[in-house]
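Subject: A structure to look at, and notes on what was found

Dear colleague,

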Amino acid sequence: MWYHKPVVNKELLQSLPNLRIVASSGVGIDHLDLNLLSSFGVKVSNTPFIVSTDTADLGMALMLASARRLVEGYEMAVSPDTEYFPADWLGAEVSGATLGIVGMGTIGYKVAERAKAFEMKILYHNRSQRKKEEESTVGAVYCKKIDDLLQQSDFVLLAVNLTPQTHKLIGKRELELMKPTATLINISRGLVVDQDALVEALQNKVIKAAALDVTYPEPLPRDHPLLKLKNVIITPHIGSATKKTRHIMMEEMTESIQAGLAGLPIPHEVL
């Protein structure tokens with residue numbers, strides 16, 4: 001499967017009685033009905049670790065681009081109507097700011113490693129607290145309650161898996177807890193955020209800005225209000241989109257398929 005295609009539903013499974021394994025690219029498996037696949041005796045694999053470095057890089061890129069208003073700056077610099085650069089056109093500081101990471105798995109931790117180099121204060125919220133030595137390595141402070149993280153952070157970065165528990169994790173209440181100067185960055189899944197609530201928060205300056213690699217649907221309808229807001233950056237779900245990573249992802253999928261067909265242990269099997 002690539003970009004969640006083809007759709008694996010009951011009709012497809014019934015039409016493929018010899019199907020042994022579904023190898024899905026990327027880390028997310030929210031597009032798969034694991035119980036349904038298991039009932040047909042079909043195994044599932046993904047590529048969970050190879051995507052983490054590139055996705056963390058993109059998270060930092062989105063934070064920097066949003067804070068320093070790179071898209072707006074580019075448009076100003078190349079516009080045929082620009083006659084001068086205004087002296088009061090300013091961005092926000094990243095170095096020394098507070099970053100709140102929601103979801104401190106592999107990707108979230110790699111973001112923290114990068115943020116440490118920017119001398120950021122790092123807070124994180126996770127289902128379980130990381131080991132003390134892992135926290136100290138990146139200087140991260142655990143917030144048992146997400147509310148505490150939201151209230152203190154200048155940048156809130158989402159790096160959670162999409163599950164029933166994280167569906168619309170960030171809604172109207174959570175956005176109102178954030179600082180009016182804060183930026184929301186989403187490199188997880190679009191449905192982790194209540195998009196209607198986000199539009200309202202951005203329009204009413206409840207928060208300052210958003211930088212999104214994921215939305216719902218993808219792509220957004222061309223008349224969607226998020227596409228019209230100056231304080232939003234949207235990229236086309238490119239967290240893992242580098243040549244090297246995509247090549248390795250395909251190799252890992254092929255290895256899983258070969259193992260599944262040979263009856264061997266499947267690398268990165270989703271259990």
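The term salt bridge is used here for a side-chain nitrogen of Lys or Arg within 4 Å of a carboxyl oxygen of Asp or Glu. Because Lys 132 and Glu 135 are three residues apart in helix H6 (residues 132–138), they are separated by about one helical turn. Helices (H or I, at least four residues) and strands (E, at least two) are DSSP runs, numbered from the N terminus. Lys 132 counts as exposed, at 59% relative accessibility, while Glu 135 is buried, with a relative accessible area of 8%. For these words, buried means under 20% relative accessible area, exposed means over 50%, and partly exposed lies in between (1.4 Å probe, protein chains only).

Before going further, please keep in mind that this is a predicted model, in which local features need pLDDT of at least 70 and side-chain atom pairs count only at pLDDT 80 or more, whereas totals for chains, interfaces and linings use all residues. Residues are numbered from 1 along each chain as its sequence is written, and side-chain values use heavy atoms, with hydrogens and water left out.

By the rule given above, the count comes to 11 salt bridges. In one of them, the side chains of Asp 154 and Lys 179 meet at 3.0 Å, N to O. Asp 154 lies in the loop between helix H7 (146–152) and strand E6 (155–158), and Lys 179 in the loop between helix H8 (172–177) and strand E7 (183–186), so the pair ties together parts that are 25 residues apart in sequence. Lys 179 is partly exposed, with a relative accessible area of 25%.

Another salt bridge joins the side chains of Lys 172 and Glu 200 (3.6 Å, N to O). This pair links distant parts of the chain, with Lys 172 in helix H8 and Glu 200 in helix H9 (residues 195–203), 28 residues apart. Lys 172 counts as partly exposed at 46% relative accessibility, and Glu 200 counts as partly exposed at 37%.

Next comes the second largest pocket, which holds about 450 Å³ of space. A pocket is an open set of points on a 1 Å grid over the protein atoms alone, with protein on both sides within 12 Å along at least five of seven lines, while a cavity is a set of points where a 1.4 Å probe fits but cannot get out; lining residues have an atom within 4 Å of a point. The lining of this pocket has 24 residues, of which Ser 66, Arg 69, Glu 72, Ala 209 and Asn 231 lie nearest its centre. The largest share of that lining, four residues, comes from H4.

Ser 66 lies in helix H3 and is buried, with a relative accessible area of 12%. Leaving aside residues up to four places away in sequence, Ser 66 touches Thr 183, Ala 209, Ala 211 and Ile 233, where contact means heavy atoms within 4.5 Å.

Finally, the structure holds one cavity of 30 Å³ or more, and the largest cavity has a volume of about 40 Å³. Among the residues that line the largest cavity are Asn 186, Leu 198 and Thr 215.

Best wishes

Definitions and conventions:
Points joined across faces, edges and corners; volume = space filled by probe spheres on them.
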